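These are my notebook entries on one chain. I wrote down what I looked up, in the order I looked it up.

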Amino acid sequence: MLAAWDFAASAHLGQFVPGSELPYLKHLGAVAMEVLAAHQVEPMPDIALAVTCAILHDCIEDQGVEHSTLRKRFGPAVADGVQALSKLENLSKADAMADSLVRIERQPQAIWCVKLADRICNLRGAPEHWKPVRIERYREEARLILDRLGSAHRHLASRLSAHINRYPEPPAERSCAQPGNLA
């Protein structure tokens, strides 16, 4: 896992969490921590695969790391898991998610857990520039992920459901909310 962390630090060097000045490693660490915390509540099979893929899950999609590179460094299970978690660029957004979910469903449940954890982390706030329709589409996409992958881990499914329910209202409605209600 430390080798994966070092690799991800190099691969994502100079990338920031969207809308912030925080290094992208913050997101990767949050997803890995979500997986580890869920494992403490309800043990999941192959926790090492889950954590390693959580750390590396955006290397292919965001940084163009080759599947073959991950395979050489971390083995076929990790490379295939990260590949499944990566949306294909040549597909529309809707088709890319549907395709990714099909590929994730062919993977061990540890990979399903990474996708659940990633979406939990991504639902911690909508970017300010998103229009209400995009926020709602993202919420619907999260519901699809929950429906398709939630059976992999009850605790992660429960957390994702809660995050979907708390996901920020569209910006026009958000301004009326009291501080602290959007987490």
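Entry 1, terms and ground rules. I take helices (H or I, at least four residues) and strands (E, at least two) as DSSP runs, numbered from the N terminus. The model is predicted, so I note its limits: local features need pLDDT of at least 70, side-chain atom pairs count only at pLDDT 80 or more, and totals for chains, interfaces and linings use all residues. Residues are numbered from 1 along each chain as its sequence is written, and side-chain values use heavy atoms, with hydrogens and water left out.

I found eleven helices and zero strands. Read from the N terminus, the order of elements is α-α-α-α-α-α-α-α-α-α-α. The C-alpha atoms fill a box of roughly 50 × 35 × 30 Å along the principal axes. I then looked up the radius of gyration, which is taken over C-alpha atoms; the globule rule is 2.2 Å times the number of residues to the power 0.38. For 183 residues a compact globule would have a value near 16 Å, and the chain agrees because it has 16 Å.

Contact means heavy atoms within 4.5 Å. Of the contacts between residues at least 6 apart in sequence, 64% join residues at least 24 apart. I call a residue buried under 20% relative accessible area, exposed over 50%, and partly exposed in between (1.4 Å probe, protein chains only). By that rule 45% of the 183 residues are buried.

How many of the ten residues of α3 are buried? I noted eight, in a helix that spans residues 47-56 and is mostly covered. They are Leu-49, Ala-50, Val-51, Thr-52, Cys-53, Ala-54, Ile-55 and Leu-56. Their cover includes α1 (2-11), α2 (25-41), α4 (59-63), α5 (67-74), α6 (76-85) and α8 (109-122). Ala-48 also lies in α3, but I list Ala-48 as partly exposed because its relative accessibility is 38%. From Ala-48 to Val-78 I count 30 residues in sequence and 9.8 Å in space, C-alpha to C-alpha.

A nonpolar core is a set of buried Ala, Val, Leu, Ile, Met, Phe, Trp, Tyr and Cys residues joined through side-chain atoms within 4.5 Å. The largest one has 56 residues, and Phe-7, Cys-53, Leu-56, Leu-70, Leu-156 and Leu-160 touch the most other members. Helix α8 gives the largest share of this core, nine residues. I followed up Leu-56: beyond its neighbours within four places in sequence, Leu-56 is in contact with Ala-4, Phe-7, Ala-8, Leu-70, Phe-74, Val-78 and Val-82. In soluble globular proteins, nonpolar side chains tend to be buried together.

Is Leu-25 buried or partly exposed? I put Leu-25 down as partly exposed, because its relative accessible area is 21%. Leaving out residues up to four places away in sequence, Leu-25 touches Trp-5, Ala-8 and Ala-9. Its C-alpha atom is separated by 7.3 Å from that of His-12, which is 13 residues away along the chain.

I looked in the loop between α2 and α3, where Asp-46 has its place. Asp-46 has a positive phi of about 55° although it is not a glycine. Most residues other than glycine have a negative phi. With a relative accessible area of 47%, Asp-46 is partly exposed.
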